Amino acid sequence: MENKLQEIITSNSNSKREDLIPILQRIQEEFNYLPQEAIYAVSKALEMPASKVYSIASFYNLFRFQAIGKYHIRVCNGTACHLSKSSDLLREIKKELKIEPGHATSNRLFSLETVPCMGACHLSPIVRINNTYHTQVESEEIKRVIAEIRKEEEL
Amino acid sequence: MSTPTASTINLVEELLLKNTLEIPEDLEQHLIKLRHMTVEKPLIYVGNGTCGQVAGSIKILKEIENYLHENNIDAEVIETGCIGMCWAEPLIDIQLPGRSRLSYKHVSQENVTEILDATFNSTFEPKYILGQFKNEFTEPWEGISFVEDIPFYKNQTRRILKYCGKINPYSLDEYIANGGFSSLSDTLLTKTPAQVRDLVIKSGLRGRGGGGYLTGKKWETAALSQGDQKYLICNADESDPGAFMDRAIIEGNPHLLIEGMALAAYATGTSKSYIYIRSSYELAVKRLVKAIDDCKEAGLLGHNILNSGFNFSIQLATSAGAFVCGEETALINSIEGKRGIPRPRPPYPTQRGLFNKPTVVNNVETLSNVPMIIGEGVDAFRSVGTKESPGTKVFSLSGKTEKSGLIEVPMGYTLKDIIFKISGGIKHNKSFKAAQIGGPSGSCLVEENLETPIDYESLSRIDAIMGSGGLVVADEDTCMVDLSKFFIGFLKDASCGKCIPCREGTHRMLEILEDITRKPRDANHKTLDRFKGVMQLEELGKVISETSLCGLGQTAPKPVLSALKYFRQEFEEHIYERKCSANVCRELRTYEIDPEACTGCTLCMVKCPEKAIIGAVKHPHFIVESKCTGCGICLEVCKFDAVKLK
């Protein structure tokens with residue numbers, strides 16, 4: 001991880017303040033989240049206090065501070081999806097996985113996130129599991145998919 | 001010297017640099033081909049915008065490639081952006097040599113072979129036909145109506161979306177062949193920056209991002225500001241839930257935005273620019289990067305553009321996602337690598353913006369209007385729309401309408417025409433209740449506003465805002481209290497936390513709304529308190545609007561206040577009767593057990609977390625209403641359908 005971090009930082013940085021967000025984005029692309037080490041490494045490279053780096057990173061919705069699960073579930077919570085009862089759907093998924101959005105299950109199999117709008121409102125509500133979209137979806141279908149994944153992973 | 005073959009014709013040299021009116025025959029033929037008026041081999045278009053991809057277009061694309069390979073068919077496959085008819089997706093179009101372009105809807109992995117089989121045998125598959133496109137160069141299919149005659153399409157005025165979904169967004173040549181970059185080449189050759197600004201001022205173009213400020217005036221201020229370096233920023237950080245106009249414009253026709261930006265930069269004396277775009281817009285970013293690279297290579301971006309001495313570059317800044325960054329000063333802070341917190345104004349960005357230099361911030365749709373204004377003239381631009389709000393507006397229409405998608409209508413069009421003429425009414429024959437215009441911090445329009453023209457003035461007269469173009473329609477099954485709660489919850493999370501009225505005020509508003517959408521927690525919590533909460537909601541809303549620093553806070557109470565204005569009885573019903581007639585507010589739902597159907601299996605009693613169900617084994621059970629929290633677990637677990645919603 002150390003080496004990779006240094007590589008990203010040196011390839012992106014002229015040690016300027018405006019490089020901060022692009023660097024953090026690259027790190028998240030690489031690791032899927034911002035590890036604590038990354039915050040320290042960036043703070044050192046850009047000569048900024050780590051608290052400042054963290055304050056900026058935590059301001060933006062995109063950045064995560066926890067690793068995601070093998071299956072990352074995104075539930076759209078845009079206005080159209082809300083009208084199609086996406087909050088009921090989210091409640092069911094939370095109940096099924098026993099986690100809150102922004103967290104991963106303890107075995108790191110699933111993680112959950114809500115996103116503001118996926119831009120395909122005609123197909124609401126939408127749930128995205130990794131790169132597969134489940135459209136006009138009902139909670140039963142998602143529960144079935146989760147059960148299938150669990151079964152598959154046990155084998 | 002031999003004549004150049006089609007693929008080596010350099011359109012920039014032949015069309016844009018040579019300012020001749022006469023186009024040689026071979027070039028004309030080449031242009032017709034690039035416009036897909038005629039094709040030499042079958043051409044398949046796959047609607048592959050984000051909305052298409054969610055609907056499954058990537059799998060269909062693969063299926064088509066397999067089919068062509070297996071059947072040894074020599075055909076060209078191109079991806080297009082969204083044509084706006086999201087309701088019919090996934091869409092594929094097939095154009096056979098000499099025949100008109102045929103469009104199929106609701107294509108799937110399962111039926112794509114059937115469709116291709118039929119079409120390559122010169123027939124068609126009527127089940128999935130959407131229509132055919134008008135084309136004077138080809139023979140139309142018999143018995144198929146025209147796409148241009150579909151009410152959803154016919155009643156629009158497509159200017160910015162004209163080529164979205166029709167041309168290949170990866171091809172610069174196709175854009176140029178359809179008249180692209182001619183406004184820029186003409187401007188660089190014949191107009192001064194002041195003339196361009198003058199044209200834009202005269203056109204009356206207003207910022208399409210929501211503010212509605214005169215674009216030309218903004219440019220004028222920036223152009224006249226002192227500074228060795230000026231910046232142009234295109235705001236593509238569309239983060240309203242339910243809004244996808246800018247993304248679709250970029251995915252469908254990225255070159256249009258680049259041309260608009262180049263014109264804006266020329267007019268304001270800017271050489272550097274940023275496109276601030278959401279990083280989650282992966283496809284839009286990919287197409288934009290390709291378009292920028294191609295333009296650089298063709299000499300349409302970079303140094304000495306079209307030999308005019310004008311330098312201009314575009315850099316992408318991918319945003320990390322914060323709703324407040326739609327506010328221009330917050331956006332500027334974000335590009336500078338800071339928290340996206342708004343700055344007090346004045347000084348305005350046009351005087352002191354990015355890195356303290358004069359900066360123009362314009363939205364994607366605003367900039368995409370510029371090539372048309374310069375190319376076709378002020379009168380052509382003003383030919384639609386109203387006197388004060390000329391031109392068109394793109395809306396992303398979603399929610400409970402029959403057909404939803406991306407539409408472009410003249411300013412001054414009515415909501416009624418959008419919903420009933422273009423979209424075909426409300427789904428499942430339900431009745432219209434409200435439409436949310438302007439995103440989460442917009443207002444709702446109700447039945448009495450159906451005839452109100454949608455333009456900046458008319459909307460502000462009814463205390464609503466245009467916003468960036470999100471239009472979400474709600475039907476009779478919607479609870480307005482719940483919807484207001486949803487919006488204020490979103491805005492509470494989006495508040496940057498800098499100023500107290502917005503940070504604390506939105507929080508309090510949410511608390512009050514949460515309070516009235518659930519049952520009282522204790523006996524002291526009287527209806528009167530809940531009612532007082534609503535009275536405070538109005539007062540609080542006013543304070544937040546009047547004292548917040550930026551547009552987010554100033555408009556944050558709008559959705560609640562407008563819902564309260566039009567649907568007061570619904571709020572009162574939640575307070576006094578503790579009832580949600582739309583049955584949306586979960587905690588106000590009450591259940592009952594049908595004694596006929598109940599077998600007394602005790603399952604609901606065991607599962608009830610509140611111990612609100614009583615009964616003996618093999619005898620019908622009962623729900624104690626005062627204990628019930630409306631969680632609905634009993635309804636879910638009952639195997640005999642004995643639990644019912646009251």
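Helix 19 of chain B, residues 480-494, packs against helix 23 of chain B, residues 558-566, at an angle of about 165 degrees, and their axes are 8 Å apart. Before I go on, please keep in mind that this is a predicted model.

What does that angle say about direction? Angles over 145 degrees count as roughly antiparallel, so helix 19 of chain B and helix 23 of chain B are roughly antiparallel to each other. The crossing of helix 19 of chain B with helix 23 of chain B is left-handed. Which residues make the contact? From helix 19 of chain B they are Met480(B), Leu483(B), Ser484(B), Phe487(B) and Ile488(B). Helix 23 of chain B contributes Pro559(B), Val560(B) and Ala563(B).

Strand 13 of chain B, residues 432-437, runs antiparallel to strand 14 of chain B, and four bridges join the two.

Are the residues of strand 14 of chain B buried or exposed? Strand 14 of chain B covers residues 443-446, and all four side-chain positions are buried, whichever way they point. Ser443(B) and Leu445(B) point one way, while Cys444(B) and Val446(B) point the other way.

Next, the domains. The assignment for chain B lists domain 1 at 35-152, domain 2 at 172-382, domain 3 at 392-478, domain 4 at 481-577 and domain 5 at 589-645. Between domain 4 of chain B and domain 5 of chain B, the C-alpha centres are 34 Å apart.

Chain A is assigned domain 1 at 2-59 and domain 2 at 71-154. How far apart are the centres of domain 1 and domain 2 of chain A? Taken over C-alpha atoms, the separation is 30 Å.

Last, chain A as a whole. How many helices and strands does chain A have? There are seven helices and four strands in chain A. Read from the N terminus, the order in chain A is α-α-α-α-β-α-α-β-β-β-α. The C-alpha trace of chain A spans about 50 × 40 × 25 Å along its principal axes. Of the 155 residues in chain A, 36% are buried. Among contacts in chain A with a separation of 6 or more, 58% come from residues 24 or more positions apart.

Methods:
Residues are numbered from 1 along each chain as its sequence is written. Chains are lettered from A and ligands numbered from 1 in the order in which they are written. This is a predicted model: local features need pLDDT of at least 70, side-chain atom pairs count only at pLDDT 80 or more; totals for chains, interfaces and linings use all residues. A residue is buried if 20 or more other C-beta atoms lie within 10 Å of its own, exposed if 12 or fewer, and partly exposed in between; C-beta atoms are placed from the backbone. Two strands pair if DSSP finds at least two bridges between them. Domain bounds come from an automatic or database domain assignment. Axes are lines fitted to C-alpha atoms, for helices over the stretch in contact, and angles run from 0 to 180 degrees between N-to-C directions. Angles under 35 degrees count as roughly parallel, over 145 as roughly antiparallel, 65 to 115 as roughly perpendicular and the rest as oblique. A crossing is left-handed if the near helix is turned anticlockwise from the far one by less than a right angle, and right-handed if clockwise. Two residues are in contact if their C-beta atoms, placed from the backbone, lie within 7 Å.
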